[in-house]
Amino acid sequence: MKKFITLTALAEGLTGIALIIMPNVVVSFLLGKPTYGPEGKITAMLAGGAILALAVICWILRNLADLHKLVQGMLLYNCVIITIAVYAFLGYHITNIGLWFMILVHTILTVWGAITLWAKPVSNV
């Protein structure tokens with residue numbers, strides 16, 4: 001579980017920082033078009049801040065003896081990201097390679113996290 005949380009912290013941390021520093025570049029990669037106007041740019045930066053906060057939480061808590069609740073929370077996060085990305089494809093016909101990359105990465109993280117939880121059930125001792 002520690003490897004899952006550590007990798008999540010690093011990957012999401014880099015993503016969050018990138019969204020804050022260069023939102024147009026990241027959004028263009030993911031969706032195929034840059035943000036338009038200050039509203040889109042600020043929204044992407046706010047999302048970057050939220051993602052960075054998740055990464056910091058994962059990083060700080062990665063050494064806890066029991067990471068089950070944290071992994072469960074990150075599984076929810078990954079499932080939400082996948083759902084929104086699939087909606088972008090189905091509802092808005094966005095087919096950019098970055099969107100598929102995001103779906104692939106979050107699907108891998110979801111499967112890895114689920115296997116990790118299944119392999120190490122919570123002990124009721």
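Author: Gly37 lies in helix H3, which covers residues 37-61; helices here are DSSP runs of H or I with at least four residues, strands are runs of E with at least two, and both are numbered from the N terminus. The model is a predicted one, in which local features need pLDDT of at least 70 and side-chain atom pairs count only at pLDDT 80 or more, whereas totals for chains, interfaces and linings use all residues. Residues are numbered from 1 along each chain as its sequence is written, and side-chain values use heavy atoms, with hydrogens and water left out.

Gly37 counts as partly exposed because its relative accessibility is 44%, a class that sits between buried, under 20% relative accessible area, and exposed, over 50%, with a 1.4 Å probe and protein chains only. From Gly37 to Gln72, 35 residues away in sequence, the C-alpha to C-alpha distance is 36 Å.

Helix H3 packs against H2 (residues 23-31) at an angle of about 85°, the two axes being 9 Å apart; these axes are lines fitted to C-alpha atoms over the stretch in contact, and angles run from 0 to 180 degrees between N-to-C directions. H2 is therefore roughly perpendicular to H3, a label given to angles of 65 to 115 degrees. In this contact, meaning heavy atoms within 4.5 Å, Pro23, Asn24 and Val27 of H2 meet Lys41, Ala44 and Met45 of H3. The residues of the contact of H2 with H3 comprise four nonpolar, one polar and one charged, where Ala, Val, Leu, Ile, Met, Phe, Trp, Tyr, Cys and Pro count as nonpolar, Asp, Glu, Lys and Arg as charged, and the others, Gly among them, as polar.

Turning to the cysteines, Cys58 counts as buried because its relative accessibility is 0%, while Cys79 is partly exposed, at 37%. The sulfur of Cys58 is 15 Å from the closest cysteine sulfur, in Cys79, and so too far for a bond. The structure holds zero disulfides, a disulfide being a pair of cysteine sulfur atoms within 2.5 Å.

Of its 125 residues, 36% are buried.

Note on methods. Parallel < 35°, antiparallel > 145°, perpendicular 65-115°, else oblique.
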